[in-house]
Amino acid sequence: MSVGLLWLGFTLLGALHTQARSSSSRLLRAPPLSKIPLQPNFQADQFQGKWYTVGVAGNAIKKEEQDPLKMYSSNYELKEDGSYNVTSILLKDDLCDYWIRTFVPSSQPGQFTLGNIKSYRGIRSYTVRVVNTDYNQFAIVYFKKVQRKKTYFKITLYGREALLQTLHEEGVRGLVHTFSNVYRVFAGHSLATLTTGRTKELTPEVRENFINFAKSLGLTDDHIVFTVPIDRCIDDQ
């Protein structure tokens, strides 16, 4: 398995070409897990199902070097042992590309590691942490990967299928325009507020709070991107 494909799996393909361009750049240091919120009383059965990636922020993402990021989907299938089979699908080179992984639960509900990690060349550790979710409309998930001597981290903003119609109607900004129920996420001592739901207007305050959440982890505007809604591939699961 190639390093490019491994990176494809971690970033869910959104920053594939960015990694090659940015590999020589110094990455922002990943925050300690103690600064990453964990969804209280995580309910694995309610979290399962299909999620659509509507926004990402990470230390290997460079907005100025990246083509528009197309929306992609990830289906979380809960297994009897509490792990998830995760199938991600996106449009790449005009074809639907699939990536299948297993997320194994840790001692903390809502935190996972990558199953069969020894089969992924160069990956030393891989952590997935559900930061916040209402299970029905939105989720924020934190990913951290140590590959060889580099540490990558990313925050993914997920939306459920109920958001898609508005997203397709409104385009990139529609991904946050669909939010209405307020949730709060603590990152260290910082409070970030993001809204979710079906409203079509995004207040400047909501958008700014989302950006501030990413920035509280050391990221900048150039590390934050929103996906472009598409019709192909994302529902082929």
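A disulfide is a pair of cysteine sulfur atoms within 2.5 Å. In this predicted model, such a bond joins Cys96 to Cys233, with an S to S distance of 2.0 Å.

## Basis of the report

The model is predicted, so local features need pLDDT of at least 70 and side-chain atom pairs count only at pLDDT 80 or more, while totals for chains, interfaces and linings use all residues. Residues are numbered from 1 along each chain as its sequence is written, and side-chain values use heavy atoms, with hydrogens and water left out.

## The chain as a whole

The chain contains six helices and 11 strands. Helices (H or I, at least four residues) and strands (E, at least two) are DSSP runs, numbered from the N terminus.

Of the 237 residues, 52% count as buried. Buried means under 20% relative accessible area, exposed means over 50%, and partly exposed is in between (1.4 Å probe, protein chains only). The accessible surface of the chain comes to about 11,000 Å², and carbon and sulfur atoms hold 48% of that surface. Accessible areas come from the Shrake-Rupley method with a 1.4 Å probe; for residues, only the protein chains shown count as cover.

Contact means heavy atoms within 4.5 Å. Among contacts in the chain with a separation of 6 or more, 60% are between residues 24 or more positions apart.

## The disulfide

The structure holds one disulfide, the bond between Cys96 and Cys233. Cys96 lies in strand β4 (residues 95-105) and Cys233 in the segment after β11, so the pair ties together parts that are 137 residues apart in sequence. The torsion about the S-S bond is about -85°, so the disulfide is left-handed.

Cys96 counts as partly exposed, at 29% relative accessibility, whereas Cys233 is buried, with a relative accessible area of 2%.

Two strands pair if DSSP finds at least two bridges between them. Strand β1 (residues 49-58) pairs with strand β2 (residues 72-78) in the antiparallel sense, over five bridges. Lys50 has Asn75 in β2 as its bridge partner.

Strand β2 is also joined to β3, by six bridges and again antiparallel. Here Tyr76 stands opposite Val86 in β3. β2 and β3 form a hairpin with five residues between them, and Gly82 in the turn has a positive phi of about 90°.

Ser88 lies in strand β3 (residues 84-92) and is buried, with a relative accessible area of 2%. Its side chain makes a polar contact with the side chain of Ser74, at 2.7 Å. A polar contact is a pair of N or O atoms within 3.5 Å; within protein, one must be able to donate a hydrogen and the other to accept it, and residues adjacent in sequence count only if both atoms are side-chain atoms.

## Aromatic residues

Rings of Phe, Tyr and Trp (its six-membered ring) pair if their centres lie within 6.5 Å; planes under 30 degrees apart count as stacked, over 60 as edge-to-face and the rest as tilted. By this rule the count is 15 aromatic pairs. In one of them, Phe47 and Trp51 have ring centres 5.2 Å apart and planes at 35°, so the pair is tilted. Phe47 is buried at 1% relative accessible area, and Trp51 is buried at 0%.

Phe47 and Trp51 belong to one aromatic cluster, whose members also include Phe42, Tyr76, Tyr84, Phe103 and Tyr158. Phe138 is in strand β7 (residues 138-147) and is buried, at 2% relative accessible area.

## Positive phi and a buried loop residue

Most residues other than glycine have a negative phi. Asn41 has a positive phi of about 50° although it is not a glycine. Asn41 lies in the loop between α2 (16-22) and α3 (44-47) and counts as exposed, at 65% relative accessibility.

His223 is in the loop between α6 (204-215) and β11 (224-226). His223 is buried, with a relative accessible area of 10%. Leaving aside neighbours within four places in sequence, His223 is in contact with Leu28, Val56, Ala57, Gly58, Asn59 and Ile61.
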